[in-house]
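Hi,

Here is the model I promised to send over.

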Amino acid sequence: MPQIFKPATNYLARASLIGGLLAPLVLGYAIAALSRSPANTKVQVPLNQPIPFSHQHHAWELGIDCRYCHTTVEKSPYAGLPPTETCMSCHSQIWTNSPLLEPIRQSYETGTPIKWNLVNKTPEFVYFNHSIHISRGINCNTCHGPVQNMHITFKGNSFQMAWCLQCHRAPERYLYQDEAHPEVTGRSQVFNLYWKYQAGEELSPRERQILEGEDQGTDNAEMKEKGRALLDKYGVKVQQLADCAVCHH
Ligand code: HEC
Ligand code: HEC
Ligand code: HEC
Ligand code: HEC
Ligand code: HEC
């Protein structure tokens, strides 16, 4: 009789011994992996919205400027979301029967704002400011991914601390000037990139990377040198950019 049970109990005993030793490691690894998985950071997962608003339709196919809807993005810390009136400037006249637009019509009639679900949110204890990044010529897509291709908006990057620091520790890898238009300010360059793309103008490999939301900074010595010159020009205090107090105060 004992022989019948022996292999099984043996196996169980060994399994629980191995399990006992490995469990903390496995658990630790699982937590680390989980905290980086799309389920937690929601990177590249389209978020359900009360209305299936498409950036691809509006920003790319119709060519509406980001600032038409995100009116404060270059002037303030916040980009802002458009009020119903902005949508109705067109949709009181076009596609007036679309059932998908019913919530907009209702919102307009009742004066109740549409409750968009926020895709990007940093915790309360983190300070972020759009205008300063835009004025340095950093494109929306570097942070938000390929917005002009999105049907339903998703998060392009994790916005974890390490991600922010990757640029704050070496901003010369990211700053660039459109060489075909050296006269353009950083601020205008951000929005010009979408127009150049739209007009079929020739784009540099880097500009194409930015549009695709795949800008990882450059390792090219010459380009980093140009990045450093821009940091000088803008008077960026690079040594202090990774100080805790920049983002936590
Ligand atoms: C400048 C004009 C304009 C503005 C502003 C505008 N839209 Fe549109 N929208 C259009 C046009 C044109 C279409 C049709 C696009 C197509 O299918 O080619 C459309 C299509 C849509 C559709 C798809 C309708 C369907 O039945 O397929 C939705 C949903 C929509 N818009 C939502 C919005 C929301 C929400 C806003 C405000 C945040 C907005 N739009 C602002 C012009 C506009
Ligand atoms: C016609 C209006 C309109 C235009 C033009 C537009 N957006 Fe939006 N945008 C919206 C609306 C409405 C939302 C909220 C719904 C959603 O997340 O899709 C939004 C959401 C976003 C978000 C996510 C915000 C969050 O919840 O965290 C980003 C990022 C964004 N837009 C970037 C851009 C960029 C970049 C451009 C220009 C290339 C642009 N938008 C052009 C209307 C617009
Ligand atoms: C350096 C990175 C970075 C750049 C560049 C950037 N954003 Fe953002 N964006 C963020 C972060 C981080 C948040 C979340 C902010 C928060 O939680 O307060 C955000 C939030 C948003 C939101 C949600 C509403 C709000 O105001 O918080 C919109 C809309 C948006 N961005 C649009 C844009 C547009 C349009 C551009 C380009 C003109 C742009 N962003 C450029 C990092 C960036
Ligand atoms: C692609 C590069 C890049 C990324 C990514 C980036 N930043 Fe920055 N950030 C900069 C640069 C460059 C400056 C300095 C601008 C200056 O001083 O002229 C800056 C400045 C700031 C400032 C100072 C604003 C002020 O008012 O002085 C804050 C706060 C900040 N960033 C927060 C963040 C946070 C939070 C994230 C991540 C969610 C982030 N940044 C991601 C490049 C970046
Ligand atoms: C460029 C901006 C930036 C700088 C500089 C920065 N942080 Fe953060 N920090 C963030 C962001 C963004 C988060 C939120 C991360 C998230 O939501 O996962 C964060 C989160 C944290 C957290 C919460 C735990 C965590 O990792 O999410 C702590 C603690 C923290 N930071 C401490 C520091 C300290 C200490 C320094 C200086 C050595 C520092 N931070 C510098 C942007 C920054």
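First, the housekeeping. Residues are numbered from 1 along each chain as its sequence is written, while chains are lettered from A and ligands numbered from 1 in the order in which they are written. This is a predicted model, with local features needing pLDDT of at least 70 and side-chain atom pairs counting only at pLDDT 80 or more, whereas totals for chains, interfaces and linings use all residues.

**Confidence and fold**

The protein chain has a mean pLDDT (the predictor's confidence in each residue, from 0 to 100) of 86, and 84% of its residues reach 70 or more. Residues 1-34 are the stretch to watch: pLDDT is below 50 there, and beyond near neighbours in sequence the stretch has one contact in the model. By contact I mean two residues whose C-beta atoms, placed from the backbone, lie within 7 Å. Where pLDDT is low, the predicted coordinates should not be read in detail.

As for secondary structure, the protein chain has 13 helices and zero strands. Those are DSSP runs numbered from the N terminus, with helices being H or I of at least four residues and strands E of at least two. Of the 249 residues, 18% count as buried; that takes 20 or more other C-beta atoms within 10 Å of a residue's own, while exposed is 12 or fewer and partly exposed is in between, again with C-beta atoms placed from the backbone. Among contacts between residues at least 6 apart in sequence, 71% join residues at least 24 apart.

**Around the ligands**

A residue is in if its C-beta atom, placed from the backbone, lies within 6 Å of the molecule.

Ligand 3 is surrounded by 21 residues, and Tyr78, Ala79, Thr122, Cys140 and Cys143 are the closest. Helix H7 (130-135) and helix H8 (140-144) are the elements that give two or more residues to this shell, with H8 giving the most, four residues. By type, the shell around ligand 3 has twelve nonpolar, eight polar and one charged. Here Ala, Val, Leu, Ile, Met, Phe, Trp, Tyr, Cys and Pro count as nonpolar, Asp, Glu, Lys and Arg as charged, and the others, Gly among them, as polar.

Ligand 4 has 22 residues around it, the closest being Cys164, Cys167, Pro171, Tyr174 and Val236. Two or more residues each come from H7, H8, H9 and H13, and H9 gives the most to the shell around ligand 4, with three residues. This shell divides into 16 nonpolar, five polar and one charged.

Around ligand 5 there are 14 residues, of which Gln160, Met161, Cys164, Cys244 and Cys247 come nearest.

**The core**

Which residues touch the most other members of the largest nonpolar core? Of its 19 residues, they are Cys66, Ile134, Cys140, Val147, Tyr174, Val190 and Leu193. H8, H9, helix H10 (186-198) and helix H11 (205-211) give two or more residues to this core, and the largest share, three residues, comes from H10. A nonpolar core is a set of buried Ala, Val, Leu, Ile, Met, Phe, Trp, Tyr and Cys residues joined through C-beta atoms within 7 Å. Leaving aside neighbours within four places in sequence, Cys140 is in contact with Cys66, Val147 and Val190.

**Single residues to check**

Trp95 has a positive phi of about 55° although it is not a glycine. Trp95 is found in the loop between helix H5 (84-91) and helix H6 (102-110), and is exposed, with 10 other C-beta atoms within 10 Å.

Phe159 also has a positive phi, near 60°. Phe159 lies in the loop between H8 and H9 and is partly exposed, with 18 other C-beta atoms within 10 Å.

Finally, His248 is found in the segment after H13. The C-alpha atoms of His248 and Phe125 are separated by 6.1 Å, although the two are 123 residues apart along the chain. Leaving aside neighbours within four places in sequence, His248 is in contact with Phe125, Val126 and Tyr127.

Cheers
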